[in-house]
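This report walks through one protein model, from a single loop residue out to the whole fold. Please have the sequence and the 3D view open while reading.

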Amino acid sequence: DAGVHALGQAAHFRCHTRLEAGAFLSGLNSLLPDDIVIHSCTRESDTFHARYDAKEKTYQYHILNRILPSALGRHYALHVAKPLDIKAMEQAAGMLAGTHDFSAFENTGSPRSNSVRTVFETRLYCGENLNHIVFEITANGFLRYMVRNIAGTLIETGRSKISPKQFAGIMASKDRNQAGPTAPAHGLF
């Protein structure tokens, strides 16, 4: 997903080499562009798969909620100039916990076997300062654009365009057309 940031992203690949993991780490980092840094490298079993063996995944969506945008942080948070109703956003985000069909927040036309996912935890909190809002969600898996679609709908809730009660109705509808817009990629980690 172009523009999205990774923190603690796991990846795997298979190769035949005599290099130790530390040497591989140094070699990879010497070849990668400056905006990618590998923090650790380990040898795993032949059956390990970074995507399918994951027990849970966590995403964060960052919002800068103040009149003036940030010159330095513009690539790392969505700027929303008008004050957001954080309480309404928290109330709506709390409805996401549990096992639900998240079709309303899935990108239209996405191939998948089913749209049921289990959300273990959601949090809405202030980041580095009171104007930096972070929406965090942990689940057993996510649908394509699910977090960005939820974030866009939560922002509409914060703008009082969607009430928390309407948010619950959107979830129950399983209809992507009822949910808010897809939030831009640059706020997603």
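Which residues does A104 touch, not counting residues up to four places away in sequence? A104 touches I170, M171, S173, K174, D175, R176 and A179. Contact here means heavy atoms within 4.5 Å.

The model is predicted: local features need pLDDT of at least 70, side-chain atom pairs count only at pLDDT 80 or more, and totals for chains, interfaces and linings use all residues. Residues are numbered from 1 along each chain as its sequence is written, and side-chain values use heavy atoms, with hydrogens and water left out.

## Overall layout

The protein has four helices and five strands. Both are DSSP runs, numbered from the N terminus: helices are H or I with at least four residues, strands are E with at least two. Along the sequence the pattern reads α-β-β-α-β-β-β-α-α. The C-alpha atoms fill a box of roughly 60 × 40 × 25 Å, taken along the principal axes.

Of the 189 residues, 35% are buried. Buried means under 20% relative accessible area, exposed over 50%, and partly exposed in between, with a 1.4 Å probe and protein chains only. The accessible surface comes to about 11700 Å², and 53% of it belongs to carbon and sulfur atoms. These areas come from the Shrake-Rupley method with a 1.4 Å probe. Among contacts between residues at least 6 apart in sequence, 63% join residues at least 24 apart.

## The sheet

Five strands form an open sheet in the order β2-β1-β5-β4-β3, with mixed pairing. Two strands pair if DSSP finds at least two bridges between them. β2 and β3 are the edge strands, each pairing on one side only. The twist averages 35° from one strand to the next.

| Strands | Sense | Bridges |
|---|---|---|
| β1 and β5 | antiparallel | eight bridges |
| β3 and β4 | antiparallel | four bridges |
| β1 and β2 | parallel | three bridges |

L64 has partners in two strands. It stands opposite H132 in β5, and its bridge partner in β2 is H79. Elsewhere in the sheet, H100 stands opposite R117 in β4.

α3 packs on the sheet and touches β1, β2, β4 and β5. The direction of α3 makes about 135° with that of β5. Axes are lines fitted to C-alpha atoms, for helices over the stretch in contact, and angles run from 0 to 180 degrees between N-to-C directions.

## The nonpolar core

The largest nonpolar core holds 33 residues, and L96, F105 and F135 touch the most other members. Such a core is a set of buried Ala, Val, Leu, Ile, Met, Phe, Trp, Tyr and Cys residues joined through side-chain atoms within 4.5 Å. At least two residues each come from β1 (57-65), β2 (78-80), α2 (86-94), β4 (116-126), β5 (132-139), α3 (146-158) and α4 (164-173). α3 gives the most, with six residues.

Not counting residues up to four places away in sequence, F105 touches L96, R144, Y145, M146, N149, I150, T153, F167, I170, M171, R176 and A179.

Which residues of α4 are buried? They are P164, F167, I170 and M171. These cover an arc of only 105° around the axis, so they lie on the same side of α4. The arc is that of the directions from the helix axis to the C-beta atoms. An α-helix has 3.6 residues a turn, so residues three or four places apart point the same way.

The cover over the buried residues of α4 includes α2, β3 (98-101) and α3. The face turned away from the buried side carries the exposed residues K165 and A172. Just after α4, K174 takes a positive phi of about 60°.

## Loop residues

A104 is found in the loop between β3 and β4. A104 is buried, with a relative accessible area of 0%. The C-alpha atoms of A104 and N149 are separated by 8.5 Å, although these residues are 45 apart along the chain.

Y145 lies in the loop between β5 and α3. Y145 is not a glycine, yet has a positive phi of about 65°. With a relative accessible area of 23%, Y145 is partly exposed.

S160 sits in the loop between α3 and α4. Its phi is near 65°, a positive value in a residue other than glycine. S160 counts as exposed, at 59% relative accessibility.
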